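Please read the following report alongside the sequence and the coordinates.

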Amino acid sequence: MPVHNSEIAAIFSQIADLLEIEGANAFRVRAYRKAARTIRGYPRSMGDLLEEDRDLTQLSGIGNDLADKIREIVETGDLAQLEKIEQRTPAGLAKMLEIKGLGPRKVQRLHSDLGITSLDQLREAAESGQVRELDGFGAKSEQNILKELERENPHAGRTQLSVAEETVLPLVNYFKDIEGVEQVEVAGSYRRRKETVGDLDVLAISEARGDTIQRFTEYEDVVEVISRGETRSTAIFRSGLQVDLRVVHRENYGAALFYFTGSRDHNLAIRRLALGQGLKLNEYGVFQDEECIAGETERDIYALFDLPFIPPELREAQGELAAAREGRLPDLVTLDDIRGDLQMHTTDSDGDATLKEMAQGVRERGYEYMAITDHSPHVAVTQGLDAAGLNRQIDEIERLNDEMEGITILKSIEVDILEDGSLDLPDDILERLDLTVCSVHSHFDLPREKQTERIIRAMDNPHFTILAHPTGRMIGKRPPYEIDLEQIMQAALERGCFLEINADPSRLDLNDVQARMARDMGLILAIDTDAHSVPGLAYMRFGIDQARRGWLEAGDVLNTRSLSDLRSLLQR
DNA sequence: GCCGTTTTCGGCCCGACTGTTTTCAGTCG
């Protein structure tokens, strides 16, 4: 059973938590956390890298020590060091860190003074009033612990970007109407357009800071105010999301925006540059001694270090600084570059709108072309099209193409890749199509090698065009199936096939890291909405976000091509 | 535990807010 990167990362995170509770060197703790982040976000499995005899110390934050530990976990599924630590410091203590207000020092005190090792014991101690007697604790912190234990993990997990938008866009509008508020922007991972956000960081320029904070805490969606100071406030919203507001002066706005956009690692890298030049960088600006020498715009800050503006989507400490320094930042794809949408459904299978309604919807978005991709019969619940149904649809598309101006409808199908790698419809009907979008909707649990072979065998079919939602993952709901993506991408390159970034915000598949891997290999990706309704066509922008996070330029995207260029690329 | 245009040793980000204090430690982002 191969060990997943996420499992290795979880072991390192656990070690970091327990070491921190023990009071270990904070930088050692940080090293484990950084390694966990690197491994969790790495596109290929550590096991594969080791099998290829690759040097793991090339990875950011991995030295000889941690490389050995990764090897041990891959080979044995476990790490002896962790078991040793857990003998001293019970694993349950790490769980207590998840309670807001409890950090390593307080958890350590609960353990050493009261012998608490689990959340249940913590609850008992708090209920019996023992906690308030401890040094550094009081009645309020005891109350807080009980309250946090009552919550059913409202903060646990991350929220889909599209869902977070529903909370934050009305808030931004609310601020725009408040007198004295000059500007409002959402920073954090939201601005970096990460597929999920933990909390929301809202930044406002106002000279009436106290008043702005006050209005924030009165906002109709706020159910609980966690903190309220002179420059910032934190509140829980009805959706369960935590929103942090910072109110700053105009002259500090760029520094604050930079600081709160992150990522943390990107900020640290820039801060190191500052330190190297004898400067200090904080959320108020860049300081030479006491004098602020930049801070009003982000551009000013980057310029101070001879760097161009780095788009937020790239600020993940994944080589963007080196690229910026060497003048090879990508010219990222934008929504305006998109000329068509190559996956969508109609009432002929499981869509809500008719073919004509979808065509009108696409035309209104200003695209030149679109592909209709209803399901094939194998996905029985969607009432997919059999050969006869598809033939009828093809005729209708031809009629519509004659009738409608300003849009070209391409004939296509989302055809199932069956367990043995064959496609769900016969070649003589696939031949009539302009392209196919091929996907896995069954047998998700095949072993990795089998699943990979299945998909590559499907690509051997000359009618195979685009591999749709290549990993099958649903954000927060379903993990990706086991495949060797690099091998699949290589196979696609060799056969003139394409992979998709599915723009549905609950899929976003390929993800950012995988999209970048494709780009690095020279593979062209399609960004498709997979819309099942006319409003669903608007999902394109989430796909663009993900593509930008994957460093894609317009040339890396299939559906930025003109129709005639597209047609020639579709010839295998 | 990592890392190196200042370093193979000695650095490793820093300010706001809360609660428990009586001048500050701990937590958070």
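Ala317 counts as partly exposed, because its relative accessibility is 32%, a value that lies between the limits of 20% and 50%. The model is a predicted one, and in it the phi angle of Ala317 is near 55°, which is a positive value in a residue other than glycine. Ala317 is placed in the loop that runs between helix 15 (298–304) and helix 16 (320–325).

Asp530 is also not a glycine and has a positive phi, of about 60°; its place is in the loop between strand 18 (525–528) and helix 23 (540–549). Asp530 counts as buried, because its relative accessibility is 6% and the limit for that class is under 20%.

## Cis peptide bonds

The peptide bond that leads from Gly262 to Ser263 is cis, with an omega near -5°, and Ser263 itself lies in the loop between helix 13 (253–261) and helix 14. A cis peptide bond is also found from Asp509 to Leu510, where omega is near 5°; Leu510 has its place in the loop between strand 17 (498–502) and helix 22 (512–521).

## The surface near DNA strand B

There are 45 residues around DNA strand B, and of these Arg30, Gly63, Lys69, Gly101 and Gly103 come nearest. Sorted by class, the surface near DNA strand B consists of 13 nonpolar, 15 polar and 17 charged residues.

## Backbone contacts and contributing elements

In Glu230, a backbone N or O atom lies 3.1 Å from a phosphate oxygen of DNA strand B. The elements that give two or more residues to the surface near this strand include helix 4 (64–76), helix 7 (104–114), helix 9 (139–150) and helix 14 (264–276), together with strand 5 (222–228), strand 7 (242–248) and strand 8 (280–282). Helix 2 (26–40) is also one of these elements, and with five residues helix 2 gives the most to the surface near DNA strand B.

How values were computed. Residues are numbered from 1 along each chain as its sequence is written. Chains are lettered from A and ligands numbered from 1 in the order in which they are written. This is a predicted model: local features need pLDDT of at least 70, side-chain atom pairs count only at pLDDT 80 or more; totals for chains, interfaces and linings use all residues. Side-chain values use heavy atoms; hydrogens and water are left out. A residue is near a molecule or strand if one of its heavy atoms lies within 4 Å of it. A polar contact is a pair of N or O atoms within 3.5 Å; within protein, one must be able to donate a hydrogen and the other to accept it, and residues adjacent in sequence count only if both atoms are side-chain atoms. Helices (H or I, at least four residues) and strands (E, at least two) are DSSP runs, numbered from the N terminus. Ala, Val, Leu, Ile, Met, Phe, Trp, Tyr, Cys and Pro count as nonpolar, Asp, Glu, Lys and Arg as charged, and the others, Gly among them, as polar. Buried means under 20% relative accessible area, exposed over 50%, partly exposed in between (1.4 Å probe, protein chains only).
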